[in-house]
Amino acid sequence: MRLEKCWFCSSTVYPGHGVQFVRNDAKIFRFCRSKCHKNFKMKRNPRKVKWTKAYRRLHGKDMTQDSTFEFERKRNRPERYDRNLTENTLKAIKKIDKVRATREAKYIERRMTGKKAKELREAQKELEQNISLVKAPALLKEDPSLTLPIKVKVSQKQPEVQLMEE
């Protein structure tokens, strides 16, 4: 039983599923579903279609270099299996899946590191621009303290707001 890869989206094509297209030069294209086949017929580039693996790899959304992906490579040479080898292989597959899951979690965590700081900067900028919605400009001149987690310093000359970080 051979599991093929979809030519368009790189997902797995199981036996008895999908569409196979053979071009005049005898090149075989396998597709997992009609969506991929239709996009291929419309001559779309998989690297420009956002839901494909090629797009995700190209734009840094997916893990590209991981040693666990080497085990997924297609092997054309049939091997003779014995019970011990099969048992060891199944154990190795479980370990590889565990390693891949932890690496993927670390990868996602690294990608999200600057998100909190970015959200805080955006919130500060929005507060800076719309401070008059929080408190009236006349009240800001009288009482410059605000009930917000960051300190806001208001100059008496202009109704502009300056943010100071602790």
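Visitor: Which residue stands opposite Ile28 in β4?
Guide: Val22 stands opposite Ile28 in that strand. The model is a predicted one, in which local features need pLDDT of at least 70, side-chain atom pairs count only at pLDDT 80 or more, and totals for chains, interfaces and linings use all residues. Residues are numbered from 1 along each chain as its sequence is written, and side-chain values use heavy atoms, with hydrogens and water left out.

Visitor: What makes a run of residues a helix or a strand?
Guide: Both are DSSP runs, numbered from the N terminus: a helix is H or I over at least four residues, and a strand is E over at least two. In the protein chain this gives six helices and six strands. From the N terminus their order is β-β-β-β-α-α-α-α-α-α-β-β.

Visitor: How do you know that strand β3 and strand β4 are joined?
Guide: Two strands pair if DSSP finds at least two bridges between them. Four bridges join β3 (residues 19–22) to β4 (residues 28–31), so the pair meets that requirement. The two strands run antiparallel, and Val19 has Phe31 of β4 as its bridge partner. Together β3 and β4 form a hairpin with five residues between them.

Visitor: Why is Ala26 called exposed?
Guide: A residue is exposed over 50% relative accessible area, buried under 20%, and partly exposed in between, with a 1.4 Å probe and protein chains only. Ala26 has a relative accessible area of 57%, and therefore counts as exposed. Ala26 belongs to the loop between β3 and β4. Although Ala26 is not a glycine, its phi is positive, at about 70 degrees. Most residues other than glycine have a negative phi. Ser10, in the loop between β1 (4–5) and β2 (12–13), also has a positive phi, near 65 degrees.

Visitor: What makes Arg57 partly exposed?
Guide: Its relative accessibility is 41%, which means that Arg57 falls in the middle class. Arg57 lies in helix α2 (residues 53–58). Arg47 is ten residues from Arg57 in sequence, and their C-alpha atoms are 8.7 Å apart.

Visitor: How do you know that the span of helix α3 agrees with its 29 residues?
Guide: The expected span of a helix is 1.5 Å times one less than its number of residues. Helix α3 (residues 83–111) should therefore span 42 Å, and its end C-alpha atoms are 42 Å apart, which agrees. The buried residues of α3 are Ile96, Arg100 and Tyr107.

Visitor: What percentage of the 166 residues in the protein chain do buried residues make up?
Guide: Buried residues make up 19% of the 166 residues.
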